[in-house]
Amino acid sequence: MSNPGTVSAVKGFRDVLPDESRRWRVLEDAAESVFGRYGFGEVRLPVLERTELFARSLGETTDIVEKEMYSFADRDETLVTLRPEATAGVVRAYLEGGLVQADPTARLFYRGPMFRRERPQRGRYRQFYQIGVEVLGRDDALVDAELLVMLDRYLTEVGTRDVRLELNSLGDATCRPVYRERLREFGTAHLAALCPDCHRRLEKNPLRILDCKVEGCRRVVADAPVMLDSLCAACRTHFDEVRRLLDQEGIAYGVNPRLVRGLDYYCRTAFELIGAGLGAQNAVGGGGRYDGLVAALGGPDVPGVGFALGVERLAMVTPGAEAVAAGPMAVVLPLDARGVGPALRIATRLRDQHVAVGLEPAGRSLKALLRAADRRRARLAVIIGDDELQAGRATVRDLARHEDRRHALPLDAPGPELATAVRALAEGGS
Ligand code: HAM
């Protein structure tokens, strides 16, 4: 029976507890260091933006804008939205922060929560986390390839397994309109087999029928013409160059002509990182080029390209990040009230010396205290009982070897001396 006194989290929102957040830290720290080598600096953006930002950038007929945004009128009637993704916010910051004038080529990296009101299931949450990068001001194939090499190196560094890269080109303002018409004709010829939503999509934005989840529609679009066959010469050259550079660097990928992204701002290069064992929610990350986005948000004609990884899903395919955290080096155990002061003293001196130390409350049996130290996965227990107080020296037990060193640690020694002694004992010395 549920306790009427507790309040649960909102559906689709979850807590990231220390064991999990420690694993995430590994993924985030590696991102900072690998992306740093490629010249990326971190931006920290607000999670709340004007609704207009997303309405103007993600595409009015996308699932996200149509039904998944957490939008509301603020108390002053400003329409605001919890960000469903960060690319639009990065571009806003790039324009608003004046980066565009200082140096139009910017390399920005971010991490943080995103919000989409999707149906929650394994690997899909309403608040989830992304690690992402954006390059503004470059339209050359080199930078697309460079990003994918960086992604490959990052995944290798953190030990991600069983993922594959899928690549496509979505054309540009020259060739996409032509393709859009071909697709509309195709859809119109198969109207009876398409869902009502797709009828609407055919009118407004035919490309979205490629993304429909309804089984009947999926069967129809399996035979639809693909963008890759309609690329203009410039898009074809760009795509071929990206591929040539990836091949040169030995980056494995598959061309998937049916790959479409769930956001409308993409053009040319589009890609997804697919996790083999992840089931329905198998996209670990995705990205691509968005050359019209900066202008659509009121800025100059500046191209962009980037990607974002879903941290929850990335953690699922990265066994290295599963490593159990090491416990503290030592746990200090005062047997009764008289040991409390000396215990706090030792713990504080050791922590001042950057030794991770646990501290248990007094008043339990030695057995119970040792069990507590074991649960914390500590290497050593520092025991302070009557005998130790009299001798002025704590007894240290090696919890792995079940060996006691009676009176090994002077209670009043200065921090550095304590730390040296504890480190030596933890190594198995005296
Ligand atoms: P996206 O494909 O919408 O792209 O999201 C990127 C990744 O975020 C997905 O591949 C997935 O791993 C994760 N993700 C998305 N929705 C959820 C969810 N409900 N629960 C858990 N994880 C989720 C973007 O957001 C673009 N802004 C990426 C980008 C950056 N393109 C260019 N630059």
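This is a predicted model: local features need pLDDT of at least 70, side-chain atom pairs count only at pLDDT 80 or more; totals for chains, interfaces and linings use all residues.
Author: Local features need pLDDT of at least 70, side-chain atom pairs count only at pLDDT 80 or more, and totals for chains, interfaces and linings use all residues. Residues are numbered from 1 along each chain as its sequence is written, and side-chain values use heavy atoms, with hydrogens and water left out.

Reader: Why are α13 and α16 called roughly perpendicular to each other?

Author: Their axes cross at roughly 85° and come within 8 Å. Angles of 65 to 115 degrees count as roughly perpendicular, under 35 as roughly parallel, over 145 as roughly antiparallel, and the rest as oblique. The α13 and α16 pair is therefore roughly perpendicular. The axes are lines fitted to C-alpha atoms, for helices over the stretch in contact, and angles run from 0 to 180 degrees between N-to-C directions. Helix α13 covers residues 340-352 and helix α16 covers residues 415-426. Helices are DSSP runs (H or I, at least four residues), as are strands (E, at least two), numbered from the N terminus.

Reader: Which residues in α13 and α16 meet?

Author: Ile346, Arg349 and Leu350 in α13 meet Gly415, Leu418, Ala419 and Val422 in α16. Contact means heavy atoms within 4.5 Å. The residues of this contact divide into five nonpolar, one polar and one charged. Here Ala, Val, Leu, Ile, Met, Phe, Trp, Tyr, Cys and Pro count as nonpolar, Asp, Glu, Lys and Arg as charged, and the others, Gly among them, as polar.

Reader: What makes Leu369 buried?

Author: Its relative accessible area is 0%. Buried means under 20%, exposed over 50%, and partly exposed in between, with a 1.4 Å probe and protein chains only. So Leu369 is buried. Leu369 sits in helix α14 (residues 366-375). Beyond residues up to four places away in sequence, Leu369 touches Leu333, Pro334, Leu335, Glu360, Pro361 and Arg364.

Reader: What do the buried residues of α14 pack against?

Author: They pack against β12 (330-334), β14 (380-384) and β15 (393-398). The buried residues in α14 are Ala368, Leu369, Leu370, Ala372 and Ala373.

Reader: Why is His407 called buried?

Author: His407 has a relative accessible area of 18%, so the buried label applies. This residue belongs to strand β16 (residues 403-410). Leaving aside neighbours within four places in sequence, the contacts of His407 include Asp387, Glu388 and Arg393.

Reader: How do you know that Cys217 and Cys195 are too far for a bond?

Author: The sulfur of Cys217 lies 3.7 Å from that of Cys195, its closest cysteine sulfur. A disulfide is a pair of cysteine sulfur atoms within 2.5 Å. So the two are too far for a bond. At 1% relative accessibility, Cys217 is buried.

Reader: What makes the phi of Glu77 worth a remark?

Author: Phi of Glu77 is near 80°, a positive value in a residue other than glycine. Most residues other than glycine have a negative phi. Glu77 lies in the loop between β3 (70-73) and β4 (79-82).

Reader: Is Glu77 buried or exposed, and why?

Author: Glu77 has a relative accessible area of 61%, so Glu77 is exposed.
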